Amino acid sequence: MHVRIATIAIVCFASVSAMAQQAPSPEAQAQAAERQRQQDAMPDTKGTGRYAALKELDPGLAEHVIYRPADLDALGATKLGVYVFGNGGCTDDGASSRLHLLEIASHGYLAIAPGRIYNGPGKTQRPANRPAPTGPGGPAATVATQLREALDWALAENTRSGSRYFGRIDSQAVAISGYSCGGVQALANAKDPRVATMVIMNSGLFVNGPTRMGGIETGKELLADLHTPTLYILGGATDIAYPNGMDDFARIEHVPVAVANIDTGHGGTYWEPNGGAAAQVAVQWLDWRLRGDAAAGRAFVGSQCGLCTDPKWNLETKGFDARKR
């Protein structure tokens with residue numbers, strides 16, 4: 001059964017300061033509680049890839065949730081790519097996009113999101129000294145540097161004798177991604193030279209004035225930090241991030257860039273089984289850009305590309321040569 005549940009922590013991309021001054025109505029609080037109940041009831045999925053995935057906490061990386069193939073030995077000679085992900089709303093619920101992240105992991109990636117597990121299987125309660133995020137204008141529950149910390153840890157584990165990841169990670173196959181406010185956190189890490197590609201989901205920098213969210217204040221000049229092929233996945237014209245993401249796409253000229261729209265609004269497909277259609281597109285992009293998989297690349301390039309001919313999607317690209325990786 002396909003159930004679409006908008007994430008609890010959605011960051012709006014307009015009138016942030018005005019929204020921050022308004023306390024949630026009783027109706028809004030009840031709706032949020034119902035969304036939470038539905039999310040908690042949804043089981044984890046193993047993903048559709050070759051490697052059944054799991055999520056876990058690792059004592060070596062406090063304040064992050066790890067998503068990985070359950071049987072690392074099943075990878076054989078395949079190396080794990082790394083997919084670091086900023087949460088919607090910059091929440092500290094590292095399970096807030098768990099179906100999406102489990103799907104990514106099932107295709108041979110080590111996916112990491114900041115926070116703890118605050119919904120679904122393995123859920124714990126936030127400590128009393130860690131209040132839930134108060135809204136778009138409130139303090140960020142996670143910060144952009146936590147994405148870099150996750151990458152630092154993963155690459156260190158790859159070289160640490162005794163680590164379960166020792167020699168299993170491809171240090172050249174690194175992606176940074178994020179949803180909504182988490183997408184802005186991802187963009188704040190775009191300059192990192194270790195990053196081989198970016199995936200910005202239901203997000204973008206404000207068209208008018210500086211973007212202030214997730215502990216970040218920046219303008220469109222941040223786009224100049226991009227140094228790798230970049231994919232935007234947006235929810236169509238009803239996605240509150242659509243104007244911002246499309247404006248980013250229009251401004252980016254120095255690296256190859258693609259924007260794929262699906263008519264889902266800002267909630268995306270995160271709570272559909274295995275992360276839904278957007279997760280599948282993210283996997284295809286990662287396999288193409290990080291692993292040189294030409295078949296996966298045909299989803300994005302060529303006159304008859306997969307997303308070009310799929311009626312659910314609208315794809316625009318710049319800077320790609322269909323004859324090359």
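How far apart along helix H7 are Trp285 and Trp288, in helical turns? About one turn separates them, because they sit three residues apart in helix H7 (residues 276-291). Helices here are DSSP runs of H or I with at least four residues, strands are E runs of at least two, and both are numbered from the N terminus.

A quick word on ground rules: this is a predicted model, where local features need pLDDT of at least 70, side-chain atom pairs count only at pLDDT 80 or more, and totals for chains, interfaces and linings use all residues. Residues are numbered from 1 along each chain as its sequence is written, and side-chain values use heavy atoms, leaving out hydrogens and water.

Searching the whole structure turns up eight aromatic pairs. Rings of Phe, Tyr and Trp (its six-membered ring) pair if their centres lie within 6.5 Å; planes under 30 degrees apart are stacked, over 60 edge-to-face, and the rest tilted. Here are two of those pairs:

| Pair | Centre distance | Plane angle | Class |
|---|---|---|---|
| Trp285 and Trp288 | 5.5 Å | 85 degrees | edge-to-face |
| Trp288 and Phe320 | 5.4 Å | 35 degrees | tilted |

Phe320 comes in the segment after strand S11 (313-318) while Trp288 lies in helix H7, so their pair ties together parts 32 residues apart in sequence. Ring pairs link Trp285, Trp288, Phe300 and Phe320 into a cluster.

Trp288 has 3% relative accessibility, so it counts as buried (under 20% relative accessible area; exposed is over 50%, partly exposed in between, with a 1.4 Å probe and protein chains only). Trp285 is buried too.

Charges also sit over rings (NZ of Lys or CZ of Arg within 6 Å of the ring centre and within 35 degrees of the ring normal). Arg289 lies over the face of Trp288, 4.4 Å from the ring centre, and Lys318 has its charged end over the ring of Phe249, 4.9 Å from its centre.
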